Structures are given as structure tokens and as C-alpha cells.
Amino acid sequence: MTGKDENGILRSGTRDKVLYVIGEETENLPFVKTAEGFRVIAAGGAGRHIVLEGNAEAEIMALVLPGTGETNLDFNVEMAGAGAVCRLFGIYLCPENERLRINVNLTHSQGQCSSYQSFRGIVGGTARVEFNGRIVVCQDACKTEAYQENQSLLLSDEARVDTSPQLEIYADDVKCSHGAAVGRLDENEQFYMRSRGIPEREAKVLQMISFLSPVLDFLPEGRDRDALAGMVEQTIRNRF
Amino acid sequence: MDNDILLKIEGLEARTEDKEILKGVDLTVRRGEVHVIMGPNGAGKSTLSSVLAGKPQYIVTAGKVTFLGQDLLSMSPEERSWAGIFLSFQYPVEIPGVTITNFIKTAVNSRREARGEAPLSAGAFLKLMKEKMELVQMKQEFARREVNVGFSGGEKKRNEIFQMAMLDPVLSILDETDSGLDVDALRIVAQGVNTLKTPEKAAIVITHYQRLLDYIVPDIVHVLKDGRIVRTAGKELVAQIEEQGYDSIN
Ligand SMILES: Nc1ncnc2c1ncn2[C@@H]1O[C@H](COP(=O)(O)OP(=O)(O)OP(=O)(O)O)[C@@H](O)[C@H]1O
Ligand SMILES: [Mg+2]
């Protein structure tokens, strides 16, 4: 693991909210200065090992901005007490030659916990993204709910995404689902928008924003979400 | 030079990578005219509309199209829209994640920008949108829905006419806008079309049914068969087709 590493136990009944912004010179971004719960990592990578006790709630969002070179994002999460909830989200914007590896290792060792993961990103140029998402539901972890999705938009022929979700379920009575997809911008949508006078470039921007918006929609409504959405849009406009 | 000519199509041939579809289409549309194009399934009616709107998947191999004296085929789809062409799609496209409000606002303001005008104020835009939604009797809550996502067939067609009313085109091409509409929706759509009927404008209406033509009275009726217009006549041709089918027309 490279870069900053944060480990911790989330005690019973406590909540933690953290947003990682990974990119160069991110400390000076206006919204990073004002919003709460942000941990800014200049570049290189981030990792977190977190253990959730009973009824603890964690909300983790990672935003990977362009130009980060090689980045590893490692999340090791253990659902260790009944009633714990973990929401783990990520947006990656890799228009150039980035090398991003996201490793999620999420273990439900106790029952009646829920975990939701949603990672979406846009990958262009000669960038490469690897997503390894592993969910383990141990034998005693009945009534587990675990959901994971990873979707990427490929913008060039040289860009590449490898996604390998992995589900290991050893318990009964669990609700688990996972999905992964890699797609391209839909040309019929583009033509439809252009036929209404929306320029090609703007049509593509709208497509990219709407592709990512389901991840942002998971966040609670409010100033931080608006700021984050604004930042994602600005990055799309300026860098893709 | 005939100043009333809006659209002039001469010897238009178009194809996809592996299929020849339009095999020499000639058509002239003047201001104030409503043209109807009928023809069997697969004749090339939607292809003709798509080529006029500039769909990149079609390759034009011969012919010439001018719109208001300009070379239409060299224009991008958005430029054609700015110039005043509107296509109501036979199969409107779903755009997940983009609301109708955001979509149509972007469309309206893109055109204003292209014409060197300032964007509409939020108030003026909302007023215009409310008015046009009422015109096609579309419920206000549709403003927040994602474009065509989960819409019924009839709702999609109404949404097309709503967009047409918002963009106020010079030439409207309606590709089977009447298909799948119940009688009330049909009347509303026809009303929407008729309010746009002025001496300066024109419409090309593609349809399989006589019933729409009870509301929209065509000046000229064409039959497109196997990539060519094989017959052009007045509105009496519609009744003949209804009775005898397309076999009698060659
Ligand atoms: N993008 C495409 N790729 C392959 N074939 C196509 C494409 N577009 C049209 N065609 C073919 O060209 C022919 C004409 O199609 P078109 O949709 O223009 O017919 P139409 O006259 O509109 O028919 P309908 O009345 O059923 O709507 C059909 O045989 C169709 O399958
Ligand atoms: Mg058709």
C-alpha cells in the first residue's frame, strides 16, 4: 500500500463520514476548504482498514481526479457487529494516462449488517483502471445485505478497464447482488440531443454527468453534495 | 429563384454500410405547405427523415439538399436544428439521468447562443415551458422526469410535440407521430401541429393512417416505395391507398 494509511475501529453506535479527494493540488480547491469531512490526498493513493462494531455507520466516498499517475485505493472493511452499515462510493475521472487500482475487501463477519458499494468512472486516453471488489459473507452472518456495482465509460480505444467482482457467501438467508459493466457513450442519445440543437460536445458532457449522477445521488442532499457535483461537472468540462 | 422554397431535395441517394436505402429522392417543400409521405414498411421513410436531420450512421452517396438556400448536407445535426429543422422521432430516445427541464433548457439556450442571443432568464424559460406543456396537455410533473425513461408510447410522442413547440421550427418532420396514440392524444398532437401551421412554415408528415389527416389537412401526398417517390398527388390519394393498398401504386 502506498500513501496515507488510516486504520480504525468504529465503536458501537458511532458514525463516521469521510470523503477522500485524490488528485494533485486538491488542498486548494474551494469546496475542499469549506466542506466538512474531507480528507485530501495529494496523489499516490489512499487506504483504509476499518472495523465496524454493532450499529456503527460509515460513509466513505472517494473522488479520483485526473492526472494522478499511479494510484492505489485500498479499502478493507469488516462488518463486525450486528446492525452496522457501510456505504462505500467512488468516482474516478481518468482522461489521460492514469493507472488506478481500486481494491475493496469487504467482510461480513457478523449478521444483520448492510453494505452498499457503488463505483463509477470515466476512462479515456491511455488510462487504465482495475477494480477488484471482493465481498465475503461468513458463515454466521445471516440476514446480511450486500450490494456492489462498478460501471465505467470508455472514451477511447486505448483506454482499458478490468473489473473483477468476487462474491463469497458462506451463510444462508442473505441478500447479495453485484454488477459490473463497461460501456461507451451512446450515439443514438447523442444524435437525439444534437437534433434538438444541443452541440455534440455539450451532449457528451450531459451524458457523462448523467452517467455519474447515480453515485452522487447516494449522498445525502445538501451543500457538500452540490459542491461535489459541481466539481465533478467542472472536471468533466475541463479535462475530457 | 423561388423565394417560397424551404427545402429542395434532388436525386438523394443514401445507404448504411451494407444496404442501399434511398435510391434517388426528389422533393420540394414550399412555405405554408403540409406534405404527407406514406409508404410500405421498410420503404425508407424514416431513413429520409434521419438523413435530413443529419444522422451520422447514414452515408449520402448522391444528390443535393438545400434548406433556405443553404447546403443542408454539409451542416451538423445541431446546425440544422438552429436553422429551423425539427424531427419528431418515430422511436424517441431515452436519456437516463437527464431531466426534461435540463434537456430542453440546454437545447433552447444552445440555439440562442448560436444565434448570438443571451440565454433565457429562469423565469422566462419556466413560463415558456409551462405554456408549451399545457398546449400538449403534458402534466407538469414530467418536467422533472428523465427524458423518455419509462414513458408510455403515447407520452413519448407528446414529448416530441412539446419539444417541437418549444423550438418553434420552420420545417417540422413528423415521423409516425400518430402511431400508438389514443384518440384524445391524437387530437392534442394534431392541435399542437396546427398551431405551428403558418404561411412561413411547413411540415412533412409521415404516417400510415388516414385518421391523422382528418385533423391535419395535407396539400400534397407522396408515396415512397423502395427508396423512391413513386407517386405525388393531392389528398385524394390517401383514400385510394386506404382502399387498395400500395400494390396499385408504382
Ligand atoms: N441503421 C440501419 N442499419 C441497417 N439497416 C437499416 C438501418 N436503417 C434502416 N435500415 C433498413 O432500411 C430499410 C428502410 O428503413 P426505414 O426505417 O427507413 O423504413 P420506413 O419506411 O421508415 O419503415 P416503417 O414504416 O416500418 O417505419 C429497412 O429495410 C431497414 O431495415
Ligand atoms: Mg419508419
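The questions and answers below go through a predicted model.

Visitor: Which conventions apply here?
Guide: Residues are numbered from 1 along each chain as its sequence is written, while chains are lettered from A and ligands numbered from 1 in the order in which they are written. The model is predicted, with local features needing pLDDT of at least 70, side-chain atom pairs counting only at pLDDT 80 or more, and totals for chains, interfaces and linings using all residues, and side-chain values use heavy atoms, leaving out hydrogens and water.

Visitor: How much of the accessible area of ligand 1 does the protein cover?
Guide: Among the polar contacts, which are pairs of N or O atoms within 3.5 Å (within protein, one must be able to donate a hydrogen and the other to accept it, and residues adjacent in sequence count only if both atoms are side-chain atoms), an oxygen atom of ligand 1 is 2.8 Å from an N or O atom in the side chain of B:Lys45. An oxygen atom of ligand 1 is also 3.0 Å from a side-chain N or O atom of B:Gln90, and a polar side-chain atom of B:Glu176 lies 3.3 Å from an oxygen atom of the ligand. Of the 640 Å² of accessible area that ligand 1 has on its own (Shrake-Rupley method, 1.4 Å probe), the protein covers 67%.

Visitor: How many residues apart are the two protein donors of the magnesium ion?
Guide: The protein donors of this ion, ligand 2, are B:Ser46 (OG) and B:Gln90 (OE1), lying 2.0 to 2.1 Å from it; donors are N, O and S atoms within 2.8 Å of the metal (3.2 Å for Na, K and Ca), and since water is not among the atoms, sites may look incomplete. B:Ser46 is in helix α1 of chain B, whereas B:Gln90 is in the loop between β6 (85–88) and β7 (95–99) of chain B, so that the pair links distant parts of the chain. Their separation is 44 residues.

Visitor: Is B:Gln90 buried or exposed?
Guide: Buried means under 20% relative accessible area, exposed over 50%, and partly exposed in between (1.4 Å probe, protein chains only). B:Ser46, at 24% relative accessibility, counts as partly exposed. B:Gln90 has a relative accessible area of 17% and is buried.

Visitor: How many of the nine residues of α1(B) are buried?
Guide: Among the buried residues of α1(B) are B:Lys45, B:Thr47 and B:Leu48, and just after the helix B:Gly54 takes a positive phi of about 95°. The helix is largely enclosed by the rest of the structure because its buried residues number eight.

Visitor: What arc do the buried residues of α7(B) cover around the axis?
Guide: The buried residues of helix α7 (residues 236–244) of chain B are B:Leu237, B:Val238 and B:Ile241. They lie on the same side of α7(B), because the arc they cover, taken from the directions from the helix axis to the C-beta atoms, is only 105°. On the other side of α7(B), the exposed residues are B:Glu236 and B:Glu243.

Visitor: What is the phi of B:Asn148?
Guide: Most residues other than glycine have a negative phi. B:Asn148, in the loop between β8 (146–147) and α5 (153–167) of chain B, is buried at 0% relative accessibility. Its phi is positive, near 65°.

Visitor: Which side chain does that of A:Arg196 join in a polar contact of 3.1 Å?
Guide: A:Arg196 lies in the loop between α2 (187–194) and α3 (200–217) of chain A, and is buried, with a relative accessible area of 0%. The partner in the 3.1 Å contact is the side chain of A:Ser195.

Notes:
Helix = DSSP H or I, 4+ residues; strand = E, 2+ residues; numbered from the N terminus.
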